[in-house]
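Here is a short note on charged side-chain pairs. Please read it with the model open.

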Amino acid sequence: MADVVVIGGGVCGLGVAILLARDGHEVTVLERDADPLPESAASAWDTWTRKGVAQFHQPHNLMPGLRLLLEAELPDVQDALRRAGAARFDLLNPLPPFFADQSPRPIDDQLWTYTARRPAAEWVFADAACAEPRVTVRRGVQAVGLVAGPAVVRGTPHVAGLRTAAGEELHADLVIDAMGRRSRSPDWLVALGARAPYEEQEDCGFAYYTRYFRGTQPERVGPLFTILGTIAILTLPGDNGTWSVTLMTAAGDQPLKRLRHPENWTKVLHACPFQAHWLDGEPITDIEAMSGVLDRYRRFVVDGAPVVTGFLAVADAWASTNPTAGRGVTVGFMHAAALRDVLRDRADDPLALAREFDAVTEARVAPWYHSQIAVDRARFAQIEALRAGREPTPPTDPLARGVLALVAAMPSDPDIFRAFLEYVATLTPIQEILERPAVRAAIEAVGDAAPMEMPGPDRAQLLDLLA
């Protein structure tokens with residue numbers, strides 16, 4: 001069995017640590033933030049300071065795909081989430097009333113989950129990691145660089161450990177980067193003498209204005225994520241009788257920056273019939289604003305050869321996108337499980353481990369990144385056209401066109417509706433769904449029809465509300 005160091009004690013770093021420990025590896029987790037674990041998941045929201053996680057109090061969703069993964073891999077953690085007050089959230093309930101056929105389908109039992117705010121969810125994983133015999137969590141320890149060992153492949157550096165800000169060297173058979181969106185590991189690798197990993201990045205272009213509430217959980221009467229011209233609305237249940245409402249805009253839309261003010265934010269929500277009742281609770285935050293989120297994708301195998309051995313990056317340290325799809329934790333844990341699977345077969349061969357993990361990542365996890373990027377670019381172009389007073393043109397990217405066509409076809413058939421929810425729930429990549437004969441036939445049947453419009457203010461009405 002291997003000695004493993006995981007850098008980063010967020011949900012996915014803790015998740016990969018628990019998975020590897022239960023396979024017999026000895027795992028040390030280093031977390032830069034020094035705050036100890038709060039007494040309970042419920043108290044974590046108010047008492048846990050996580051300065052290293054900018055999005056700690058931003059909306060998170062634990063998708064049905066994560067629920068199924070946890071039931072298979074870490075059922076005790078799934079049960080702990082439920083006991084910590086996570087809300088049961090069913091993407092299919094209610095099934096839209098315009099479907100005459102309201103009968104259940106076999107897929108329905110996969111389309112629900114337990115979800116929670118980020119602090120509560122991370123507390124559950126951290127509590128489980130603390131109880132795991134082969135996991136040691138060290139808080140207040142910052143990694144600042146990597147330590148080289150004897151190369152296993154000529155010309156390719158091998159990572160044999162890391163250095164901390166206090167000058168300590170920790171040696172390991174494998175170092176895992178779970179530092180999230182802010183990971184600086186490519187700089188560390190170059191400093192070690194490695195080639196730079198392949199990287200593409202861009203500002204996703206969106207801004208987010210969120211408020212949290214407490215009370216009786218609102219009934220969902222519209223979509224989880226609703227597009228209304230140049231804004232979109234995300235409504236998410238949380239834990240312990242809480243929920244969040246997010247207004248999403250283009251970051252450069254100056255008039256909409258007035259949504260930072262609670263009175264303006266509330267006025268816009270009141271004008272949205274499917275979401276106004278989500279205001280019927282006690283506000284427990286001001287407006288939490290966030291922008292400047294980078295879409296980033298990395299590969300540590302370049303031109304068929306790993307840039308380094310003894311080192312792997314997982315979850316957001318590998319790739320990250322616009323967070324409103326709510327898939328980050330689910331895709332990150334999917335990636336962690338893939339790492340565990342590859343390590344089972346390749347623990348004694350660092351070169352094969354690096355190559356196979358890259359191949360499995362590309363086949364099983366990267367499709368979620370690529371589809372989100374395609375959809376986000378199409379959505380941003382749509383917003384920019386509407387802001388300029390132009391009619392939006394159909395996206396040129398075939399994947400984005402396919403997603404929009406499926407959305408347009410959803411009202412035609414309850415099974416097509418469920419197919420789209422498979423994608424939303426992070427069960428099946430959209431690339432696979434679009435290849436199904438029934439889905440292709442439904443898309444062809446609706447032709448160039450636009451997606452169903454939701455009730456709410458148009459651009460002129462929105463600007464009047466914010467004037």
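1. Start with burial. Buried means under 20% relative accessible area, exposed means over 50%, and partly exposed lies in between (1.4 Å probe, protein chains only). By that scale, R299 is partly exposed, with a relative accessible area of 26%.

2. Now the source. This is a predicted model: local features need pLDDT of at least 70, side-chain atom pairs count only at pLDDT 80 or more, and totals for chains, interfaces and linings use all residues. Residues are numbered from 1 along each chain as its sequence is written, and side-chain values use heavy atoms, leaving out hydrogens and water.

3. How many salt bridges does the structure hold? There are 33. A salt bridge puts a side-chain nitrogen of Lys or Arg within 4 Å of a carboxyl oxygen of Asp or Glu.

4. Take R298 and E199. Their side chains form a salt bridge at 2.6 Å, N to O. This pair links distant parts of the chain, 99 residues apart: R298 is in strand 17 (residues 294-299) and E199 in strand 10 (residues 198-203). Strands (E, at least two residues) and helices (H or I, at least four) are DSSP runs, numbered from the N terminus. R298 is buried at 3% relative accessible area, while E199 is partly exposed at 35%.

5. R299 pairs with D358 in a salt bridge, with the closest N and O atoms 2.6 Å apart. Here strand 17 is linked to helix 9 (residues 350-387), which holds D358, 59 residues from R299. D358 is buried, at 12% relative accessible area.
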